[in-house]
Amino acid sequence: MEYRGYDSAGIAIDGSNDIESPHSKVALLRKAGKVSVLSDFIKESADDLDMDMEYNIHCGIAHTRWATHGSPRDVNSHPHRSNDKNEFLVVHNGIITNYREIKEYLEKKGHKFESETDTEVIAKLTQHIHDRYPDFSFRQLVETVIQQLEGAFALAFKSSRFPGQLVASRRGSPLLVGIKSNSRLQTNHFPVSFSKDAGWKWGDEKQTDGRRFMSNHATHLRDESSFVETPNNILDLSIDSRDVCNLPVPVDESQRRLSAFMNSLKNAVRSSNGSAKLEISDSTTAVRPFDSADWEVEYFVASDAAAIIEHTKQVLFLEDDDVAFVEDGALTIHRISRHADNGEQKREVQLLEMELQEIMKGSYKTYMQKEIFEQPDSVVNTMRGRLLPSRQVVLGGIKEYLPDIKRCRRLIMVACGTSFHSAIACRQILEELSELPVVVELASDFLDRETPIFRDDVCLFISQSGETADTLMALRYCKPRGALTIGVTNTVGSSICRESHCGIHINAGPEIGVASTKAYTSQILSLLMFALTLSDDRISMATRREEIIDALNDLPNLIREVLKLDDKVHEIAQQIYKEKSLLIMGRGFNFATCLEGALKIKELSYMHCEGIMSGELKHGPLAMVDEFLSICMVVCNDHVYKKSLNALQQVVARKGAPIIIADNSVPEGDLAGMKHILRVPKTVDCVQNILTVIPLQLLSYHIAELNGANVDRPRNLAKSVTVE
Ligand code: BG6
């Protein structure tokens, strides 16, 4: 997960060097800084850890943390622990919004906190509930804990009390389970089993039934013992709580559990290759790779498929509030049942279409450089099977919804960052070809405004990762209001992809560099094809559609032409990389190019950069223009060419010396005297902004490199912001 952006890392593994009790101790190793710092620290700790120790069954958790609560320090790094015996450990991606109340309550209960993080309350809370209910299974503990949490989380738990077991859960933040085994899985889906739910919301103290005790502190404590394990694992809240309280709590339940586990290991049938085959009771929900005698299995829990692709392609995406439980080599999926959950549920095992080398840098220095130069191929992947030789455009993922979409009241595109700019880039062509009103919204602002949404609205949620919290929340805002929701993502199985009614997969391939490049050009392409499908029955637009389709068929070669400008762009970068500020302007289809170019410069080189509509120049920004300000102007021979030239003359009149990005049909004369001119091939106006943005991707890349910045992992940024 390194590419996701982080500032500290840590692991928790079984740390006992005693072969007789290999799981009796958990080693916690965590460091602020990069993974390389942690790996050095682990090497230094080799004396304490017998690196040759072999395990029949082992569970480890690790995390690269991006600081939200508490600065990047060793003690704030994950995993977080419940006490200095490392009884319960947890890694967490997301933000717990009610952590202060829980922390205050637990401190009152005598728990001592060592970090400033929100995550530590989860480990302490697990310990607190375990201390009170030592007979709870690891899964039940986590089920109870997550019900107390508000905010977003992807969690993985490990415990010395439950050796060889792993529990993971999510709400809001993405989480998947990868399954690697030396034999075939007995099924391609995992049934979901339900535990009863207390059925009340946080703060709704009146009708408490003991599960959610945090809100009213001690008052609830009296009730919290109303959980009783029933034969089929379904928690039944109807049984009178009192009899549990009177039950003598076994002195060291976990010791009993540990010895039971060790005995089962000892009596494991040694298979021919020496790996253990455990005789496990046959529960209906537990799935194991059974089609061969000596099965071995590994389960990987991760926020993103890219983290596990080198191990397996078999993945299962968890839904919000799912609890994945691994015990004795078996994986089971559980949920606290809610009324909306009625009815059979299962989780499909999906096969990732991603290849390992796709997430390798290959001969490139950085992922970003690779992804910029991959664009001639990524656009082909985006068009494959959609732009047909018959000049038809088919988007299979939305086909059945086309009639509704064509009849809708308006098209609303909602996104963040670069994805938002792809919406701006395509607003005009969508308006033109669909003849529908098109609204473009920044997801965070859209949510803040609680914009009115109607049943006949069509809302597109554009997100490379498919996990950006603001965009996902906007989807969850529009769907219950009856709007048709379309997910435009680059990540199969992502939340936006799974929760929207239908979708367009942009198919740009995995994008590792935090600053989005190839996904941006594929997003524009996908939205262009969307506009073409909405006008496929318009005779009046046939010529226009054909010229666009021809331009798209030429696009890979046109992009290759633009990439040849790399050296020239590098020369320009060498002249401006020390500048404190850069102003980028353009208009029409290239307004988006300026916004996106400015974002790239900001993201990568930390230089202040603003993208403006050149039509706005005389309404303010012109005041900044003089011979010292670095300026870049996009001037293309399209329907706003004359106005773009006006803006150029206004800048030159104030001694501005702009870098020009122009298509190769712009007369030399109109650019006379310009020092730096980057010529891109001329193409159709609504496709031109795919070509004009690439010199700005390269410029931001070279300026960042020249400033020694970390191009793939710019400071303070993450590839996907899964917290609001
Ligand atoms: C930011 C990324 O976290 O999220 C940007 O650094 C990206 O590159 C933005 O454009 C939106 O992400 P997504 O995945 O929703 O397109």
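**Helix packing and cavities in a predicted model**

Helix 3 and helix 4 are oblique to each other.

Biologist: What sort of model is this?
Modeller: A predicted model.

Biologist: At what angle do helix 3 and helix 4 pack?
Modeller: About 125 degrees, with their axes 10 Å apart. Helix 3 covers residues 120–132, and helix 4 covers residues 138–148.

Biologist: Is their crossing left-handed or right-handed?
Modeller: Helix 3 passes helix 4 in a right-handed crossing.

Biologist: How do helix 16 and helix 20 pack?
Modeller: Helix 16 (residues 542–563) and helix 20 (residues 685–706) are at about 15 degrees, and their axes are 9 Å apart. That makes helix 16 roughly parallel to helix 20. Their crossing is right-handed.

Biologist: New topic. How many cavities of 30 Å³ or more are there?
Modeller: A search of the whole structure finds 2.

Biologist: What classes are in the lining?
Modeller: The lining of the largest cavity has 6 nonpolar, 5 polar and 3 charged residues.

Biologist: And which domains does the lining draw on?
Modeller: It draws at least three residues from each of domain 1 (8–197 + 294–351) and domain 2 (367–707).

Notes
Residues numbered from 1 in each chain as written. Predicted model: local features only at pLDDT ≥ 70, side-chain atom pairs only at ≥ 80, totals over all residues. Heavy atoms only, no water. 1 Å grid on protein atoms, 1.4 Å probe; cavity = no way out; pocket = protein on both sides within 12 Å on 5 of 7 lines; lining within 4 Å. Points joined across faces, edges and corners; volume = space filled by probe spheres on them. Nonpolar A, V, L, I, M, F, W, Y, C, P; charged D, E, K, R; others polar. Domains from an automatic or database assignment. Axes fitted to C-alpha atoms, helices over the stretch in contact; angles between N-to-C directions. Helix = DSSP H or I, 4+ residues; strand = E, 2+ residues; numbered from the N terminus. Parallel < 35°, antiparallel > 145°, perpendicular 65-115°, else oblique. Left-handed = near helix turned anticlockwise from the far one by under 90°.
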